[in-house]
Amino acid sequence: MNVLAKTLTGMALSIVLSSSALAAEKLKIGFIVPNPIGEVGWDHELDRGRQAVAEHFGDKAEIQAVDSVGEGPDSTRVMNKMAAQGADVIFLGSFGHMNDGLKLARRHPDIAVIHAGGYLQHDNFATYAVRHYEGAYLAGMAAGYATESGTIGIIAAFPLPEVVGIMNSYVLGAQSVNPNLGDVKVVWMNSWFDPAKNKASAESLVSQGADVIFSLFPGTPSAVAAAEEMGVYVTVTLSDNTRFAPTRHLAAIQVDFRPIYIAKVQEVMDGKFTGNDTFAGIKDDAVGVAGLSPDLADEQREAILAKQEEIRSGAFHPFQGPITDREGKVVVAAGTSLDDGAIKGMNFLVGGIDTTLPN
Amino acid sequence: MDAFVFVFGGAFMTATPLLLAALGELTVEKSGVLNLSVEGMMALAAAIAFMATYNTGSHLLGFAAGAVSAMILSVVFATLVLFFMANQVAAGLATGILGLGLSALLARSYEAFTLAPLSKLDVPLLSDIPILGPILFHQDLVVYLTIGIGVGLIAFFYRTRAGLILRVVGENPHIAHSLGFSVMKIRFRAILFGGFMAGLAGAYASTVLTPVWSQGMIVGRGWIAVALVVFGTWRPLRVMMGAYFFGAALLGELAVQSGGIAISSQLMTCMPYVLTIIVLAVVSRDAVRIKLNAPVSLGENYRPIG
Amino acid sequence: MMTPMPAWRMVPREQPAVKALAAVPLVTIGLTILCSVILFTALGSSPSVVLYNFFVDPFTSAYNIGELLIKASPLILIAQGLAIGFRARIWNIGAEGQLTIGAIAASLIPITWSRSESALILPAMILLGATAGLAWAGIAAFFRTRYNANEIIVTLMLNQIAFQLLYYLVTGPLRDPMGFNFPQSAPFPDAALYPPLFSGAGVRANLSVLITILVSLAAWILVSKSFSSFRLLVGGIAPNAARYAGFSGSRAIWISLLVGGAAAGLAGVGEIAGPIGKLQRILSPGYGFAAIIVAFLGGLHPLGIVMAGLFMAVIYIGSDSAMLAADIPTSAPVVFQGFILVFYLAAHVFVRYEFRRGSSLAPGRRT
């Protein structure tokens, strides 16, 4: 009965969505991103997704975009205003938009809401995330090859599960190619955004002997630029940052939301949109390694790209056992690999990372 | 680069924007005016200085443009409190909001642009001294200039007539007025100087310290500057030491973390703030000594009669 | 040597001018419109669309009016508490931190009893939130009275410490065990949420608005009827005189900070038991600081604060609306707010002063 009801609602929803799309001819699509749009980083990549939608659908879509809509109860007004202006699809670009976005979706069953990074879904509230950790393994390999001191330093904002997952995969990648790797050092900025502190964190890690830096979701390229200044290699999430460290950019975990965005809008146009979850990775061209340094030897580069293909084909999983945590406890048994739920909620550090997580 | 040099040498750079702004605010407060728009002035100057340096390639022009923009904002504040007799706390906050808004608006197409860093100057011979050399004598020009301005202000306040008059205006504007000094003019100049210094501070933060433009990059440094003035009990030397202490505490937290010492990182992040309260309590214990330096008329508007 | 005699003189009024008081908003809005026409034309947006969205749109629907109330409520609540201290010249800049601590403390109840339907949950949260805000501000009062440490600095520093505590708790001990370790608590049960004030889809105004009204009334009675506010005033401004008269300056400090902290804590409860519905890493878009402006815009008077809080809320709601309707950059409304506040403060001079031409004798006396 319940299943039937759900299916019926889903069908009705599809009809509503497709008919409204037909009636309006142009699909009205709203994009909300949490910060100003820069040259690199999260909001930049989200905006590239928006541009791809505009290009791909041309006259069939009418686009409205707002940036710098942070999380918190105020973001709901922007969403509601978009809904009141007749939006058919709304893309929400911050995890912090989850609760207000879900309420919006419940009130407006005819709007397709597509939310980045959350874990709750509803009939017309879909979520998407990318497998940063897959690219992180590859960037970690590059770091493992490049370090001479055997010390890698990571700068991160807060110990969120996604961040911990990226950190773990990165370190596993580095360890896989460098048996002499010492403990990886970590600085938690404990600030959502502070360019000067980001740079100082990089300097602090270098002062402790790190010769490869990993700037993890910094929201600013200042640590990357600082690495160039100090002459140490740098790896970074989200975008190729070569322009900020022309000689010292080692590798970037490049994400690409364009295929996800285009697929989602197409689903709405075809009346096939449902409140599902997309977790896209290398296989879906949503993640990859980019900006590899020419300083890497040819065989090192080939090994990294070969590993990328292994992940794409499913032959390799960054979190395949055996993996032990800091205390030496086995967290992933040999012969198994972590499932998506465990990856999304990751709450342990693999051995070889010198920091602690709050419990 | 070792951790000790990172903390105690880096503290000069971290402290410089705080100190520039704090010395400006100190002068304003010494004249009896509380200007809480430091954060906004710094933000505006940071944006303008960044754009100027980015387009001209000259840090000097960046600093000049930043200083002028913050001075313009300080004129808005001065007009409100000196001419319109607006409450100083409210006027400072209002002007600050204007500055923050203009900062984000004007530089919105520069998001995540970067600049070449300012080169460090090595003092010949001295910078070769082990440990102390790289800490004290391997800094950029602005760091040295800022210390120079601090020393200059000490001389100004306690060695010159103009400094004495400024302090009298802050202590008791009625007496200053009856002695024939224009309270308005003196306060106006002090506010303008405060704007100039906050401008240099913002310019340093965006074109030297970071040097990347991001909206909202000042993240509370203007407020810390205001705090430093009180922390230093309105004395330039103590403000300078306070700024350095704060800079070292901020970097010390990062050094402890990257050194892998197992203390909760959030606890460490709190340390500079906790220490500030404790040190403030220690230096403020003696109420009489505080009263000697705190401008009595701080925050009160003065309207000349007749 | 005297300053040259001005042609116009500013003379303080004995009573605030009622006519001028009415003119203030008009002058403010006039000047703001002028400036914003220039600003928004330069940005390539239609000024009329922008202005409509700023000043008219917030009143056009039940939803928007609900938003107005839910936005004004914390501003007014905090400002009422702060104004008591500001009148006594005790500068509590830490309402943001007190709000945060109040919210954290109150959240412990619904997080601990996440399935409870007890009617006592909300009252307990209100009590605990207000007490925690009060206690947090009490730290500043302690350092001020015991060690003479300036309360501006202590409250500012306590803000940072409160934020770190919040980040620690939402990324660790208080996070939702079912929430994939995301930095937020489990959603509160309905019993822990303020009931809505109006029925209507999406209208978020809730009973916390009534609390704000009650607190405002109480503040008004305290100011106009009670002797204790006089003692507070004297104790803050002239501690020696107060001591001579038998009042204690440190009592004024304690009362000011504790009341301010309690009000901010209450506002924190209003957020987590209202529009947010859980504990999360960002609780307030700077209400603690905006309330300082509200307190002064309202002339530190309880009724003025209510008006000022509503006015600020109109600007906030209007900003969000204008951003979408006129496609202006997100930062433009902040500039607009800055203009409004600056002009308001400038225009307000006419309430307290009159401009007279001619010779100068004693102030306020005309020959």
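# Reading the chains and their contacts

Me: How many salt bridges are counted between chain A and chain B?

Reply: In this predicted model, the count between chain A and chain B is two salt bridges, and over all chains the structure holds 20.

Me: What makes the pair of B:Arg221 and A:Asp194 a salt bridge?

Reply: The closest N and O atoms of B:Arg221 and A:Asp194 are 3.2 Å apart, and since the rule asks for a side-chain nitrogen of Lys or Arg within 4 Å of a carboxyl oxygen of Asp or Glu, the pair is therefore counted. In general, side chains of opposite charge can pair when their charged atoms come close.

Me: What else describes the contact between chain A and chain B?

Reply: The contact takes 33 residues from chain A and 32 residues from chain B, and the area buried between the two chains is about 2,600 Å², of which carbon and sulfur atoms give 59%. On the side of chain A, the residues that lose the most area to chain B are A:Asn190, A:Phe193 and A:Ser207, together 18% of what that side buries. Six residue pairs across this interface are in polar contact, both residues being at pLDDT 80 or more. The elements of chain A that give two or more residues to this side are strand E7 (184-188), helix H7 (195-207) and helix H8 (222-230), and H7(A) gives the most, with 11 residues.

Me: How do you know whether A:Glu45 is buried or exposed?

Reply: The relative accessibility of A:Glu45 is 2%, and because buried means under 20%, A:Glu45 counts as buried. A:Glu45 also meets A:Arg48 in a salt bridge (2.8 Å, N to O), and both lie in helix H2 (residues 42-57) of chain A, three residues apart, about one turn of the helix.

Me: What makes A:Gly314 exposed?

Reply: The relative accessible area of A:Gly314 is 56%, and exposed means over 50%, so the label applies. A:Gly314 lies in the loop between helix H10 (298-313) and strand E13 (323-324) of chain A.

Me: What makes the pair of A:Lys307 and A:Glu310 a salt bridge?

Reply: The closest N and O atoms of A:Lys307 and A:Glu310 are 3.9 Å apart, and the cut-off is within 4 Å, so the pair counts.

Me: Which residues does the salt bridge between chain A and chain C join, where A:Arg77 takes part?

Reply: The side chain of A:Arg77 meets that of C:Glu67 (2.6 Å, N to O), and the pair crosses from helix H3 (residues 75-84) of chain A to helix H3 (residues 62-87) of chain C. Both A:Arg77 and C:Glu67 are buried.

Me: How do you know whether the length of helix H4 of chain B agrees with its number of residues?

Reply: Helix H4 (residues 88-106) of chain B has 19 residues, which at 1.5 Å a residue should span 27 Å, and its end C-alpha atoms are 26 Å apart, which agrees.

Me: Why is H4(B) described as largely enclosed?

Reply: Of the 19 residues of H4(B), 16 are buried, so the helix is largely enclosed by the rest of the structure. Chain B and chain C bury about 4,300 Å² between them, 78% of it on carbon and sulfur atoms, and the count between these chains is zero salt bridges. The elements that give two or more residues to the side of chain B that touches chain C include H4 and helix H3 (59-83), and H4(B) gives the most, with 12 residues. By class, that side has 31 nonpolar, 11 polar and four charged residues.

Note on methods: Residues are numbered from 1 along each chain as its sequence is written. Chains are lettered from A and ligands numbered from 1 in the order in which they are written. This is a predicted model: local features need pLDDT of at least 70, side-chain atom pairs count only at pLDDT 80 or more; totals for chains, interfaces and linings use all residues. Side-chain values use heavy atoms; hydrogens and water are left out. Contact means heavy atoms within 4.5 Å. Buried area is the accessible area (1.4 Å probe) that two parts lose on being put together, summed over both. A polar contact is a pair of N or O atoms within 3.5 Å; within protein, one must be able to donate a hydrogen and the other to accept it, and residues adjacent in sequence count only if both atoms are side-chain atoms. Helices (H or I, at least four residues) and strands (E, at least two) are DSSP runs, numbered from the N terminus. The expected span of a helix is 1.5 Å times one less than its number of residues. Buried means under 20% relative accessible area, exposed over 50%, partly exposed in between (1.4 Å probe, protein chains only). Ala, Val, Leu, Ile, Met, Phe, Trp, Tyr, Cys and Pro count as nonpolar, Asp, Glu, Lys and Arg as charged, and the others, Gly among them, as polar.
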